[in-house]
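Here's a quick tour of a ligand site and a helix pair. Have the viewer open as you read.

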Amino acid sequence: MSDLALDRDIDRSKMQVSDEVAIEITNMNKWYGTFHVLRDINLTVNRGERIVIAGPSGSGKSTLIRCINRLEEHQQGKIVVDGTELTSDLKNIDKIRSEVGMCFQHFNLFPHLTILENLTLAPIWVRKTPKKEAIETAMYFLEKVKIPEQADKYPGMLSGGQQQRVAIARSLCMKPRIMLFDEPTSALDPEMIKEVLDTMIELAEEGMTMLCVTHEMGFARQVANRVIFMDQGQIVEQNEPEEFFNNPKSERTKLFLSQILGH
Amino acid sequence: MSDIAFVRTEILPQKAPPVAATGFIGWARENLFSGWFNSILTVLSLAVIFSVLSSILPWVFSPTWNGTSLANCREILTAAGSVGEHGTTGACWGVIRERWLQLMFGFYPSELYWRPILTFVMLFVALGPILFTDFVPSKLIWFSGLFPFIAAWLLWGGSIWNPLVALAGFAIGFGVFRYASTALGALAAIILAALVPILWWVFLAGPVASGLSSVIPLELETVQSRNFGGFMLSITIGVTAIICSLPLGIILALGRQSDLLIVKSLCVGFIEFIRGVPLITLLFVASTLLNIFMPPGTNFDIILRVLIMVTLFAAAYMAEVIRGGLAALPKGQYEGADSLGLDYWQAQRLVIMPQALKISIPGIVSTFIGVFKDTTLVSIIALLDPLGLSNAIRADANWNGIVWELYGFIALLFFVFCFSMSRYSMYLERKLTTDHH
Ligand SMILES: Nc1ncnc2c1ncn2[C@@H]1O[C@H](COP(=O)(O)OP(=O)(O)OP(=O)(O)O)[C@@H](O)[C@H]1O
Ligand SMILES: [Mg+2]
């Protein structure tokens, strides 16, 4: 829960929000059994947006972004991703999943495959990319996250930060148009948090549409163009980062910020 | 500057680890005599081992290889002076010399022994590309696929068209699947791919095979199932059940986790039923009851019936072992696969199963070993496996009263097989470790 200062200048030339809608969620509701976990969510994400979702534990942040690639099923309302509506149609779901990348708190790399095999698996089997081309792409993204020398190791031999960067590279190999992050740095030591955030910033600089659940408020301040605050399954407040942090409107937001920023 | 302040100015170079005390004496001091308690235990154990061996070894190394009957063995032993307080002491190995071929092949015609031997050798060639993927060229996997058909033909003989026509059933199934999966979708394709070959085997395969063999007669002398016996029978049943139960177990385990209620209840029902019934009961069903349900005149081979029962039995246990492996996988692995857009079968095949099976290796191999040893139960339905034969041999007037030698020999052979499986599984587990090296 740090307010990590990012010691680099961010190149904002390609960080442009277009008018094109990437994700549209309307009146979405979800229950776990009888527990109403997401209540009446309305959210439109345009292409190129970098959204940070914050909120106390149990407020439904993970559930919300997991609904976007149908790791969780919503029961009411409508979610449209890249023009495709999420229904129980498996074809649509697989199509959306292959175009929306996701990074998890615990990386979820495949421990029985080498780093390179982790990266080429989905391109080869889902995209039907020829193996040689898939390996080239994988190496390109491994260079990008700065660990090409680990290609032939297994995930279990890498540090947490390296594993998370591999996980990001694995998603990128599918050439996604949207990236979802669910607390990508929460399981990492401070030293490693920075290397993962760096990778995420580079992604933002290239104009990727990103939804990040994170407690890294420094990242939110400098990279996000919108911060969403959730509590008890609802979107309580959203604003530009400057306004959100300096001038929160709702009491719950104020309370949350005072706790998380420690003043 | 205070006393506790310290700054290292140079980094220590790496040193080689200390050399452990080497040689036998160093080893023994470290492992056997590291303290007075440990030393006493060592001495005691040595005494026990010595007393056991000193009574067993003279019995094992008895000069009775040429004995022709139990009485003859006793004479040889008396002449050699191996007489203890309860009569002669020493094994009577004559029985093994006289009957070992029978213990190996049962009543398989002796001029055709080359067929099971060749099959056995080919079994190892066929297992090579599956068991030792690192050393054996993977092209050989084709041979592994064809081996069951070659083996069946060599063992039972008959027209070569029978195995070929049976093989054609699989080819037909595959063709149907390829065609139907593009035309009708996955589920319909799977159902059709199962149904069409079954229809082929039941209705068309027989006439086609006999038609073909009347055109091109190419056949080996037929050997009836009731002539099968000995270790050949145990290995035939054991290996077939082991090889078939693994894929069947995987399917059952996946079915048990399925969201489709019918599939799930069928699998649960099957597994629980089979596990709740003793194997002997199933074997009795195979040997007697099944005939009642068959249309009169059908000849449903007894070994085939037993094979099916033992396979089903093993598959039910296998399914539960694999389910344990599936349950041990973190949910994140499913989510990782899903989030990349892998479909259900891809996720299972590429991500879930390789890991679940790896976790389950000890359980799977235990089940294999259990199945192999359970094949001795077929002696109860009058199939002449080594145990069944041993009863017949002991009923022979010459060998009446012989026990240890026969059972010891049989036990040794079973042990060799089961121990190899267990060793192989340890090798495999080591090979598949992907954590820190
Ligand atoms: N599979 C599930 N079944 C039932 N309840 C669940 C399930 N998953 C989550 N919940 C509940 O739903 C609520 C929201 O969970 P969610 O994981 O979305 O919270 P979160 O905002 O991501 O919290 P955190 O910051 O701790 O990750 C929590 O109260 C949680 O207990
Ligand atoms: Mg969460």
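## Around ligand 1

Near ligand 1 (a heavy atom within 4 Å) you'll find A:Tyr32, A:Phe35, A:Val37, A:Pro56, A:Ser57, A:Gly58, A:Ser59, A:Gly60, A:Lys61, A:Ser62, A:Thr63 and A:Glu183. That shell splits into four nonpolar, six polar and two charged residues (Ala, Val, Leu, Ile, Met, Phe, Trp, Tyr, Cys and Pro count as nonpolar, Asp, Glu, Lys and Arg as charged, and the others, Gly among them, as polar). Helices (H or I, at least four residues) and strands (E, at least two) are DSSP runs, numbered from the N terminus.

This is a predicted model, where local features need pLDDT of at least 70, side-chain atom pairs count only at pLDDT 80 or more, and totals for chains, interfaces and linings use all residues. Residues are numbered from 1 along each chain as its sequence is written, chains are lettered from A and ligands numbered from 1 in the order written, and side-chain values use heavy atoms, leaving out hydrogens and water.

## Polar contacts

A polar side-chain atom of A:Ser57 sits 2.6 Å from one ligand 1 oxygen, while a backbone N or O atom of A:Gly58 is 2.8 Å from an oxygen of ligand 1.

## A helix pair in chain B

In chain B, the axes of α11 (279–293) and α12 (302–328) come within 9 Å and cross at roughly 145 degrees (axes are lines fitted to C-alpha atoms over the stretch in contact, with angles from 0 to 180 degrees between N-to-C directions). Residues in contact (heavy atoms within 4.5 Å) include B:Leu283 from α11(B) and B:Phe313 from α12(B). By class, the residues of this contact are 11 nonpolar, two polar and one charged.

Technical notes: A polar contact is a pair of N or O atoms within 3.5 Å; within protein, one must be able to donate a hydrogen and the other to accept it, and residues adjacent in sequence count only if both atoms are side-chain atoms.
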